[in-house]
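Student: I would like to learn how to read individual features in a protein model. Can we work through some cases together?

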Amino acid sequence: MSPLEIQAFSLEQLRRHRSTKWRDFPSEVLPLPVAEMDFPIAEPIRDLLLEMVRESDLGYLGAIPELPEAFAQFCQTSMNWSVDPAQVHVVTDVGVGVVEVLRLLTVPGDQIVISSPVYHNFSTWIQEVNLVKVDVPFEDDGSEWGIDFAAIEVAYRSGAKVHLLCNPHNPLGRLYTTAELSRIAELADQYGVIVVSDEIHGPLTFSPHEFVPFLTLSETARRVGITVTAASKAWNIAGLKCALVISHSDRMDSLLKKLPPATHYRASLLGAFASTVAYSQGGEWLKAILTKLDSNRYFLATLLEQKIPEIKYRIPSNSYLAWLDLNELNLGENPAGVFLEKGKVAILDGRGFGPQGRGFARLNFATSPEILTEAVDRMVVAIS
Ligand SMILES: Cc1ncc(COP(=O)(O)O)c(C=O)c1O
């Protein structure tokens, strides 16, 4: 059997999409900020959704043992991660999962550690629960983003309750190594910190790089860790609303039993069953999409080298987000604003990712080579 080939939608097709990516800007703007892919979803997911809609099977979500079981099977085969389905809880989305877990772990005013530049909604979730953000930024040596363990230890020692980890990291496309995660787990255990690991980008890891799920590390990690993840990013079904919260120790299990029951049925029926199919039948599609994204991450590098060599871009090891260093272009406080205004191309202003994001912007390359080329051409227009 020949390998599955996935073609991105044309711009004309995409303009008919109703998602925020395609509604946030006027039609003359080419949008590449929001983390959705411009590819058709996996056929088994589409078939299931069509069948459910055809049969008006659109009620509330009830018991769905199939989902934790499919997730556990996926984790075992693709990551050698043994998950007990009984320790998997269904929630509305990753944002809701993190917020609900934070409500259980903290009281308003508690400190929470993050490492910027990081997914902008980490800040909004933290605000939602009235926590105090303690930023331990990544250290950039010009070629790698390093972790400041000394600063993490200071934050832990100063009373932080939780470390919210972006594993793998958005927007850097950086994977944490086993050694790094183990050190975080040991420190967390020493200082009584709980690590909440957002692993939504995990399945989108390019070989030979390896994504290390936090709960696979050690007994220590399992004692201090909770994972929140979803099929929504890897299989491009964010609008369907379903995510998972996972624990692997008695301590964390008893905590998660206190999640409000409503978090389960506030997930969508379509999302929960689509996620089940993603984990159980989405392997071929995932492989094909990774091939596309792998090619795009290098294609973008070539485009930028040829057309705007002042932009610095490190090829990510994971997912489809390019973190662009635009400082050499000297475009002022908001380079993304200049591209939008003068080039009619939308990328995400880096400042939302924390102070490290000044002079940076995030570009989503999960699209066709034609749209990527057009985007970079529009960027060229904006700066010329
Ligand atoms: C790291 C990270 N977590 C969570 C989300 C959003 O997840 P959800 O829509 O399930 O809240 C994203 C979306 O891009 C993300 O990059």
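Student: Is tryptophan 125 buried or exposed?

Tutor: Start with the idea. Buried means under 20% relative accessible area, exposed means over 50%, and partly exposed lies in between, using a 1.4 Å probe and protein chains only. Tryptophan 125 has 8% relative accessibility, so this residue counts as buried.

Student: What should I know about the model itself?

Tutor: This is a predicted model, where local features need pLDDT of at least 70, side-chain atom pairs count only at pLDDT 80 or more, and totals for chains, interfaces and linings use all residues. Residues are numbered from 1 along each chain as its sequence is written, and side-chain values use heavy atoms, with hydrogens and water left out.

Student: Which ring does tryptophan 125 pair with, and how many aromatic pairs are found in the whole structure?

Tutor: Rings of Phe, Tyr and Trp (its six-membered ring) pair if their centres lie within 6.5 Å; planes under 30 degrees apart count as stacked, over 60 as edge-to-face and the rest as tilted. A search of the whole structure gives eleven aromatic pairs. One joins phenylalanine 74 and tryptophan 235: ring centres 5.5 Å apart, planes at 70 degrees, so edge-to-face. Both phenylalanine 74 and tryptophan 235 are buried. The partner of tryptophan 125 is tyrosine 119, with centres 5.7 Å apart and planes at 70 degrees, so that pair is edge-to-face.

Student: Which residues do ring pairs link into a cluster?

Tutor: Phe71, Phe74, Trp81, Trp235 and Tyr279.

Student: Where does arginine 297 lie, and where does arginine 314 lie?

Tutor: A charge sits over a ring if NZ of Lys or CZ of Arg is within 6 Å of the ring centre and within 35 degrees of the ring normal. Arginine 297 lies over the face of phenylalanine 206, 4.0 Å from the ring centre.

Student: How do I read a helix, say helix 8?

Tutor: Helices (H or I, at least four residues) and strands (E, at least two) are DSSP runs, numbered from the N terminus. The expected span of a helix is 1.5 Å times one less than its number of residues. Helix 8 covers residues 178–191, 14 residues in total. From first C-alpha to last, helix 8 reaches 20 Å, close to the 20 Å expected.

Student: Which residues of helix 8 are buried?

Tutor: Glu180, Leu181, Ile184, Ala185, Leu187 and Ala188. They cover an arc of only 165 degrees around the axis, which puts them on the same side of helix 8. The arc is that of the directions from the helix axis to the C-beta atoms. Exposed Ala179 and Gln190 sit on the face turned away from the buried side.

Student: What covers the buried residues of helix 8?

Tutor: Contact means heavy atoms within 4.5 Å. The cover includes helix 7 (149–157), strand 7 (162–166), strand 8 (194–198) and helix 9 (219–224). Glycine 192 follows helix 8, and its phi is positive, near 70 degrees.

Student: What does lysine 21 reach with its side chain?

Tutor: A polar contact is a pair of N or O atoms within 3.5 Å; within protein, one must be able to donate a hydrogen and the other to accept it, and residues adjacent in sequence count only if both atoms are side-chain atoms. The lysine 21 side chain reaches the backbone oxygen of glutamate 36 at 3.1 Å. A polar contact of 2.9 Å also joins the side chains of lysine 21 and aspartate 38. Lysine 21 lies in helix 2 (residues 20–23). Its relative accessible area is 2%, so lysine 21 is buried.

Student: Which side chain does aspartate 253 join in a polar contact?

Tutor: That of serine 247, at 2.4 Å. Aspartate 253 is in helix 10 (residues 250–256). At 14% relative accessibility, this aspartate counts as buried.

Student: Which backbone features deserve a look?

Tutor: Check omega and phi. Serine 116 and proline 117 are joined by a cis peptide bond, with omega about 0 degrees. Another cis bond joins asparagine 167 and proline 168, again with omega about 0 degrees. Serine 319 is not a glycine, yet has a positive phi of about 65 degrees. Asparagine 330, also not a glycine, has a positive phi of about 50 degrees.

Student: Are serine 319 and asparagine 330 buried or exposed?

Tutor: Serine 319 is buried, with a relative accessible area of 3%. Asparagine 330 has 66% relative accessibility and counts as exposed.
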